[in-house]
Amino acid sequence: MFVLVFFYEEKKYSVLKLKEAVKNSDLQMMNLHTWNTKKSVETKWRDGVYLGNFLQFGENRNDMELLIDGLVDGSITSEEIPVLQDVEGLKKRSRTHVQEEAVSETVEHQQSKRQKVAAIKRCRNLKEQIILSKVKENILGHSDVKTCSTCSSLNLELTVLKKQATELAGELQSKTEAVEYYKMKYRDLKKKYKLSQKNKEKAETENPDLVKIGQHLHIDKRRLALCRVTDFSKYTCDLMDVFLEGKI
């Protein structure tokens, strides 16, 4: 609901939302049907609270703004304005107008919300920049100030941290060099292993008379057969000796 207010000290007219213009306690005590338009009411307007007269209550803001034009040019007096707008006339208003007002209010609310969020982000960024600038100023100032005990302790801690950082950087460099060395050694060993595997495969294909025993041993087939024959003859000779000794 809107209210048409006349601020007699400022001599200004304005249309405000009733719930935003007065306090909730005052709003509950108001009786619109017996309202006295000469009564002074503390009204929230712009950035403060001003005394004003409530001339009319209603839902049609445009009609109230038209009344302001008549009051300013003198074609209408405040006594001629009804306290409450015509209810029947309000019911006959087009629904499209109401929808347009609702849409405009939602759009305004969303825009105000976005503006508030953007303002909050800007404030946060500004605060972070201020804090960072102060920290930088303190860090830069600590190197020049020598009389302050806290500054001297901070300088001492800073030198210790720098020394530790250089030591860690040296250790990291030595370890990276060692890792690179072992990587190179591993690559060389891998190349040698692949080369030996190729040589073995080549030897097997070139010498078909060789027999592979296990993973790394290659023996000539004839030598292997001779070894097997000698082992078998030796075994049979040992059996004959035992048999003959038993008979004798």
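The second largest pocket of this predicted model is lined by 13 residues, and those nearest its centre are Val-22, Lys-23, Asp-26, Val-41 and Glu-42. The space inside the second largest pocket comes to about 220 Å³. Two elements, α2 (24-29) and β3 (40-45), each contribute at least two residues to its lining, and the largest share, 4 residues, is drawn from β3. When the residues of this lining are sorted by class, 7 are nonpolar, 1 is polar and 5 are charged.

The largest pocket has a volume of about 380 Å³. Among the 13 residues that line the largest pocket, Phe-2, Lys-17, Arg-61, Glu-105 and Glu-108 are the closest to its centre. The elements that provide two or more residues to this lining are β2 (12-17), α1 (18-21), α3 (61-73) and α5 (95-144), with α5 giving the largest share, 4 residues. By class, the lining of the largest pocket holds 4 nonpolar, 2 polar and 7 charged residues.

| Pocket | Volume | Lining by class | Largest share of the lining |
|---|---|---|---|
| Largest pocket | about 380 Å³ | 4 nonpolar, 2 polar, 7 charged | α5, 4 residues |
| Second largest pocket | about 220 Å³ | 7 nonpolar, 1 polar, 5 charged | β3, 4 residues |

Strand β3, which supplies the largest share of the lining of the second largest pocket, pairs with β4 in the antiparallel sense over 6 bridges. Within this pairing, Ser-40 stands opposite Asn-53 in β4. The two strands β3 and β4 form a hairpin with 2 residues between them, and in the turn Arg-46 has a positive phi of about 60°. Strand β4 also pairs with strand β1 (residues 2-7), again in the antiparallel sense, over 5 bridges, and here Leu-4 has Gln-56 of β4 as its bridge partner.

Gln-56 belongs to strand β4, which spans residues 48-58. The relative accessibility of Gln-56 is 4%, and because buried means under 20%, this residue counts as buried. The side chain of Gln-56 reaches the backbone oxygen of Pro-82 at a distance of 3.0 Å. Once neighbours within four places in sequence are left aside, the residues in contact with Gln-56 include Phe-2, Val-3 and Leu-4, then Met-64 and Leu-67, and also Ile-81, Pro-82, Val-83, Leu-84 and Gln-85. One of these contacts, Phe-2, is also listed with the residues closest to the centre of the largest pocket.

Helix α3, one of the elements that give two or more residues to the lining of the largest pocket, contains Glu-65. Glu-65 and Tyr-13 are 52 residues apart along the chain, and their C-alpha atoms are separated by 9.0 Å.

For the protein as a whole, there are 7 helices and 6 strands, which follow one another along the sequence in the pattern β-β-α-α-β-β-α-α-α-α-β-β-α. Of the 248 residues of the protein, 15% count as buried. Among the contacts with a separation of 6 or more, 49% are accounted for by residues 24 or more positions apart.

Notes:
Residues are numbered from 1 along each chain as its sequence is written. This is a predicted model: local features need pLDDT of at least 70, side-chain atom pairs count only at pLDDT 80 or more; totals for chains, interfaces and linings use all residues. Side-chain values use heavy atoms; hydrogens and water are left out. Buried means under 20% relative accessible area, exposed over 50%, partly exposed in between (1.4 Å probe, protein chains only). A polar contact is a pair of N or O atoms within 3.5 Å; within protein, one must be able to donate a hydrogen and the other to accept it, and residues adjacent in sequence count only if both atoms are side-chain atoms. Contact means heavy atoms within 4.5 Å. On a 1 Å grid over the protein atoms alone, a cavity is a set of points where a 1.4 Å probe fits but cannot get out, and a pocket is an open set with protein on both sides within 12 Å along at least five of seven lines; lining residues have an atom within 4 Å of a point. Grid points are joined across faces, edges and corners, and a volume is the space filled by probe spheres set on the points. Ala, Val, Leu, Ile, Met, Phe, Trp, Tyr, Cys and Pro count as nonpolar, Asp, Glu, Lys and Arg as charged, and the others, Gly among them, as polar. Two strands pair if DSSP finds at least two bridges between them.
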